[in-house]
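Hi,

Here is the structure I promised to pass on. Have a look through it, and then read my notes below.

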Amino acid sequence: MDRFFKLQFLGPLALFVATLGAELAARALQYAPSSELLWFINLRMFGIFQRSYAQLSDLVAFDGFQLFGIALPIFALACFGLVAKSRLPFTVATHLSAAYAGFLVISWQAGVPELSQQASLVPVAVPSGAGLYVMATIFGTCLLSFAVTHLLYFSAVRKELFALAGWLRTVLSRPTTA
């Protein structure tokens, strides 16, 4: 189970690394606005963070909020859970990272212009190329961490239920004295 315990760290780590990469690309673009490579990285690879920034900027007007206000605290909580070998910080970190990954996907959809819809057929926007790989990596690792967290909790509950059943068997099998 120890390797499963460490596998929970993967989602918050991927979320932190991707958010850090997006912030660094945005900062580097400020210093070299004529760089085609930086424009590609910023728009194509980390475009998902630009759309989520547009969604969050209405609520929080703080540059770097996605990194310092969301990804870094989640990552720090996961690091604390890893160092302390505690399930609760990991559980909170994996749930928050999965929720934020879901928000990233939803914010990608919110940035798509409205098209006329027929019946119930709704167009689904999916980034292409490098942006798709970044989004799939973040979402996949966060969901994997989320699933591992639940697997470990279900395993712990099963052990407790078996221990309770064994205790009940010994208590009920004792002869009663009258």
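A word on helices before we start: they are DSSP runs of H or I with at least four residues, numbered from the N terminus. Keep in mind, too, that this is a predicted model.

With that in hand, take helix 7, which spans residues 130-173 and contains L161. L161 is part of a nonpolar patch on the surface, together with V157, L164, W167, L168, V171 and L172. Together these residues have about 690 Å² of accessible area. Is L161 itself buried or exposed? Exposed means over 50% relative accessible area, and L161 has 53% relative accessibility, so it counts as exposed.

Next, the largest pocket. About 300 Å³ of space lies in it. Of its 14 lining residues, the closest to the centre are A22, E23, A26, Q50 and Y53. Which helices supply at least two residues each to this lining? They are helix 2 (10-31) and helix 4 (47-56). Helix 2 gives the most, with 6 residues. If you sort the lining by class, you get 5 nonpolar, 6 polar and 3 charged residues.

How values were computed:
Residues numbered from 1 in each chain as written. Predicted model: local features only at pLDDT ≥ 70, side-chain atom pairs only at ≥ 80, totals over all residues. Heavy atoms only, no water. 1 Å grid on protein atoms, 1.4 Å probe; cavity = no way out; pocket = protein on both sides within 12 Å on 5 of 7 lines; lining within 4 Å. Points joined across faces, edges and corners; volume = space filled by probe spheres on them. Nonpolar A, V, L, I, M, F, W, Y, C, P; charged D, E, K, R; others polar. Patch = residues over 30% accessible without salt bridge, like charges linked within 9 Å, V, L, I, M, F, W, Y side chains within 5 Å. Areas by Shrake-Rupley, 256 points an atom, 1.4 Å probe, with all protein chains shown as cover. Salt bridge = Lys/Arg side-chain N within 4 Å of Asp/Glu carboxyl O. Buried < 20%, exposed > 50% of the residue type's maximum accessible area, 1.4 Å probe, protein only.
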